Amino acid sequence: TRYGYGDLSDQSFGNSKAMGGIAFGLRDGAQINPTNPASYTAIDSLTFLFEGGVSLQNMNISGGGLKLNAKNASFDYLAMQFRLAPWMAMSVGLLPYSNVGYTVSDSQTTDNGLAYSRSFTGDGGLHQMYVGAGVKVLKNLSVGVNASYFWGDITRTRGMFYPGTSSYDSYQRKMVTSISDYKLDFGAQYTHQFSKKHVATLGVVFSPGHDLNNDAYVQNQKGNSSTGYTTTQKDTILTMGIPMTLGAGVTYVYDDRLTVGADVMFQKWSSTTFMNNSDVFCNRAKIAVGAEYVPNLLGRSYLSHIKYRLGAYYSKPYYKIDGARAANEYGVTAGFGLPLPRSRSVLSISAQYVRMQGTESRFLNENTLRLCIGVTFNEQWFWKRKVQ
């Protein structure tokens, strides 16, 4: 997460996470899909959806003959969705966009015996709160848009320290960037029913890229606590942006029990400026496939109502190291949608294995096992009761 905006978050929800992240053509009235706002119109008139999710992960990092294990937890999403009219639905939610969190240090000795240490730390990230609406413009065609408030702080610090000597001044440089701007996502879905049991949906999503409004400063500290000094420099010309994103996906549903789909996504990071540098990132691409199967919607046993999910994806991350693409990313996913007793709500549990393979031997490799837990509360809030 030391590079760019850090590690970009997986913004898919419970069912999508277990299906390789497919979402552009996914259309499910029982779960929220903010990746394509056109999907909001799939909800029925009596339903109110509320979803939340978290992740737990175990990461093993290797490189340069060293190995490291890290464990952490993260917030994934929080959202609600409901219908406004027979032809229109709305969703509101909170999502993370990226995460920065690292601490790297080493100690070395020069040829003349002088000991020194270096440190690099970073924390923060970007978030987005969205309000979206989907509109059914034709019987089989829906369009939608998400308007997001996009904000966050990223702090990066690097230092050089000379313990046990006053001949050399220790040095520390901290850069803090605060971002506050907007983000728009447009989507469309076209559904075609071949027969009573066969339905296909084509979805597309477009998000325009633009420069971000930001406020940044650099703080330099030189020397020790008694003899040192600190200077702070305001930077008012910092340029940084988010990329144009284009995605497309298709899903096929058989008898409301089997869903299979595939997505492709492209982000033009190479045209994005970061910290006044226009050659920091490379274009990001992702391809994903996934499936979901329900044995028997009318079955009497609990097992027949469980949603079994499976998926895989391949991605090329956006950041560079020394001018070269840093890694390739591979992932396989699996999970379940467990119906909660005496309700239409669902507990989604998925496991993801992600391999980040460095493109060069000097780059790091990461193996991550991630457990994602999400709950979808499906309530009938708009039911009109009649008293006789």
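Residues are numbered from 1 along each chain as its sequence is written, and side-chain values use heavy atoms, with hydrogens and water left out. In this predicted model, local features need pLDDT of at least 70 and side-chain atom pairs count only at pLDDT 80 or more, whereas totals for chains, interfaces and linings use all residues.

Visitor: Is Thr333 buried or exposed?

Guide: Thr333 belongs to strand β19 (residues 327–339); strands are DSSP runs of E with at least two residues, helices are runs of H or I with at least four, and both are numbered from the N terminus. A residue is buried under 20% relative accessible area, exposed over 50% and partly exposed in between, using a 1.4 Å probe and protein chains only. Because its relative accessibility is 3%, Thr333 counts as buried.

Visitor: How is the ring pair of Phe281 and Tyr318 classed?

Guide: Rings of Phe, Tyr and Trp (its six-membered ring) pair if their centres lie within 6.5 Å; planes under 30 degrees apart are stacked, over 60 edge-to-face and the rest tilted. The whole structure holds 15 aromatic pairs. The centres of Phe281 and Tyr318 are 5.0 Å apart and their planes stand at 55°, so the pair is tilted.

Visitor: Which residue forms an edge-to-face pair with Tyr318?

Guide: At 2% relative accessibility, Tyr318 counts as buried. Its edge-to-face pair has 5.8 Å centre to centre and 90° between the planes, and the partner is Tyr319.

Visitor: Which element gives the largest share of the lining of the largest cavity?

Guide: A cavity is a set of points on a 1 Å grid over the protein atoms alone where a 1.4 Å probe fits but cannot get out, and lining residues have an atom within 4 Å of a point. The structure holds 1 cavity of 30 Å³ or more, and the largest cavity contains about 40 Å³, a volume being the space filled by probe spheres set on the points, which are joined across faces, edges and corners. Among the elements that each supply at least two lining residues are α1 (14–17) and β20 (346–358). The largest share, 3 residues, comes from β21.

How values were computed. 1 Å grid on protein atoms, 1.4 Å probe; cavity = no way out; pocket = protein on both sides within 12 Å on 5 of 7 lines; lining within 4 Å.
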